[in-house]
Amino acid sequence: MEQAVKVQSVTVLQSVAVPKYHWVIRINYLVRAISFAALFVAIGMHMASRGYGAVAWGLLALQFLAYPHLLYWRASSAREPLQAERTNLLLDCLLVGIWAAALEFPVLIAFTLFIGTSLNSAIYRGWRGALGALIAFSCGALGWVSIAGFSFSPYTDLPVSAFTLAGLSAYVIGIGNIVFTQNRKLHDTREELRKSEEFFRLITENAGDLIALLDAEGHWVYAGPSYRHLLSDADLEAGSSALAHVHREDRDLVRAQLKKTFETGDAQEFSYRLIATDGNVHEFKATVNSFSHAGIPRAVVISIDISELRRTEKILDIYSHAFENMAEGMILTSADGTILSVNKAFTAVTGFSKEDAVGRPETEFHTALQPPKFYADMHDAVAQDGYWVGTTWSRRKDNSIYRERRSVSSILDEAGNTTHYITFVAIAE
């Protein structure tokens with residue numbers, strides 16, 4: 001599910017033309033640009049009170065005004081943006097270490113430079129980031145000291161100290177707000193995922209169909225609760241074979257379909273028989289789909305029990321054969337009198353084939369050898385009594401006349417409404 005959420009997120013981002021680099025880069029750019037601009041003011045105030053020259057001011061502007069934009073361009077255009085941004089964070093620490101030493105380690109400014117850059121590194125890389133920030137800051141400071149010598153001037157003027165403390169407080173609060181926002185988004189996302197998981201678990205646990213998750217070898221990863229109506233808990237234990245209770249004649253087919261879906265990635269449909277713990281055989285129609293979860297191939301199998309359908313089909317097949325092979329001719333019509341089916345004996349008696357009769361009104365086969373009142377009385381009797389039996393004169397397809405014995409019965413539904421009529425015809429002796 002996690003992988004599906006990531007794929008969907010990527011699709012949405014691409015569809016609205018959002019930059020492909022990570023959100024961390026955009027947030028770091030915003031934080032870096034604002035905080036470095038504030039540092040430019042604080043360090044500028046300190047440099048002004050100390051009488052630094054034009055070169056120092058130029059380097060200050062390059063470092064704290066132009067530098068953040070250059071790093072953003074570097075990370076956003078890199079082949080691996082996140083890796084480039086990690087390097088940027090270390091570069092921040094290295095350069096502010098140089099500035100701390102170059103300014104002769106004014107305590108408030110040096111502390112602000114160190115805590116700001118190391119905090120940013122720690123947020124995104126944990127203790128490794130914090131340790132890397134300390135090492136980079138120290139290397140920058142030691143590098144400057146090794147070239148220019150060590151000087152220590154810890155004090156700053158009151159306005160500089162006040163502005164530095166205010167800026168550091170705003171920076172820490174801002175970072176805290178960013179962390180809070182991200183944690184809130186993470187919490188909301190997890191809550192949505194939890195609700196989705198509960199929803200799908202509810203569907204799975206209450207579905208009548210069998211839902212299973214298998215590995216590439218056909219072992220259980222998950223078996224839906226419906227399986228417990230057929231198999232024992234021991235049979236469904238994770239890691240055991242899901243094919244153990246498949247009918248031995250169907251086992252190779254199921255194994256082949258699983259292999260095919262893993263190899264091609266295409267859904268497969270097949271039927272198989274499952275032998276339940278009580279010995280009864282159930283027939284299922286299954287659909288199997290493959291997917292990858294955390295790099296591990298899995299297959300979800302949804303099986304629909306068609307045992308009752310198969311039994312019904314067999315019974316209907318028996319009825320169909322019985323209908324087709326009755327010695328008497330049979331006509332099945334709908335409630336409106338449209339012929340739905342006739343059997344072979346009907347053709348033998350009347351000469352009309354199934355193609356001649358099916359789909360046509362039964363009244364078209366009234367031969368006019370009886371007056372209209374005869375047929376009206378017959379239909380009234382069926383409507384009143386549910387059946388009619390008698391003999392009539394009829395004409396075959398070849399126009400030959402014969403004496404016919406006919407019986408008509410209505411078929412009713414549970415509400416007592418007529419749904420069909422069944423007519424038997426035979427040659428009267």
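The following legends describe close-up views of one predicted model. In this predicted model, local features need pLDDT of at least 70 and side-chain atom pairs count only at pLDDT 80 or more, while totals for chains, interfaces and linings use all residues. Residues are numbered from 1 along each chain as its sequence is written, and side-chain values use heavy atoms, with hydrogens and water left out.

**View 1. The largest nonpolar core has 23 residues.** A nonpolar core is a set of buried Ala, Val, Leu, Ile, Met, Phe, Trp, Tyr and Cys residues joined through side-chain atoms within 4.5 Å. Buried means under 20% relative accessible area, exposed means over 50%, and partly exposed lies in between (1.4 Å probe, protein chains only). The residues with the most contacts inside this core are L214, W220, Y227, L230, V254, L258 and Y272. At least two core residues come from each of β1 (210-215), β2 (220-223), α7 (248-264), β3 (268-275), β4 (281-293) and β5 (296-305). Such helices (H or I, at least four residues) and strands (E, at least two) are DSSP runs, numbered from the N terminus. Y227 touches L210, I211, A212, W220, L236, Y272 and S303, not counting residues up to four places away in sequence; contact here means heavy atoms within 4.5 Å. A second, separate core of 21 residues includes I43, M47, A100 and A110. In soluble globular proteins, nonpolar side chains tend to be buried together.

**View 2. A nonpolar patch on the surface is formed by W127, L131, L134 and I135.** Together these residues have about 430 Å² of accessible area, calculated by the Shrake-Rupley method with a 1.4 Å probe, where for residues only the protein chains shown count as cover. Patches are made of residues with over 30% relative accessible area and no salt bridge; like charges are joined within 9 Å, and nonpolar side chains (Val, Leu, Ile, Met, Phe, Trp, Tyr) within 5 Å. L134 lies in helix α5 (residues 107-148) and is partly exposed, with a relative accessible area of 41%.

**View 3. A122 is another residue of helix α5.** A122 is partly exposed, at 25% relative accessible area. Leaving aside neighbours within four places in sequence, A122 is in contact with G129 and A130.

**View 4. C93 and C139 are too far apart for a bond.** A disulfide is a pair of cysteine sulfur atoms within 2.5 Å, and the count by this rule comes to 0. The sulfur of C93 is 11 Å from the closest cysteine sulfur, which belongs to C139. C93 is buried, with a relative accessible area of 0%, whereas C139 is partly exposed at 45%.

**View 5. The side chains of D157 and R50 meet in a salt bridge.** A salt bridge is a side-chain nitrogen of Lys or Arg within 4 Å of a carboxyl oxygen of Asp or Glu, and the structure holds 16 of them. Between D157 and R50 the N to O distance is 4.0 Å. This pair links distant parts of the chain, 107 residues apart: D157 in the loop between α5 and α6 (158-206), and R50 in helix α2 (residues 23-50). D157 is partly exposed, at 33%, and R50 is partly exposed, at 38%.

**View 6. E362 forms a salt bridge with R406.** The closest N and O atoms of E362 and R406 are 3.4 Å apart. The pair joins distant parts of the chain, 44 residues apart, with E362 in the loop between α10 (354-357) and α11 (372-385) and R406 in strand β9 (residues 401-412). Both E362 and R406 are buried.
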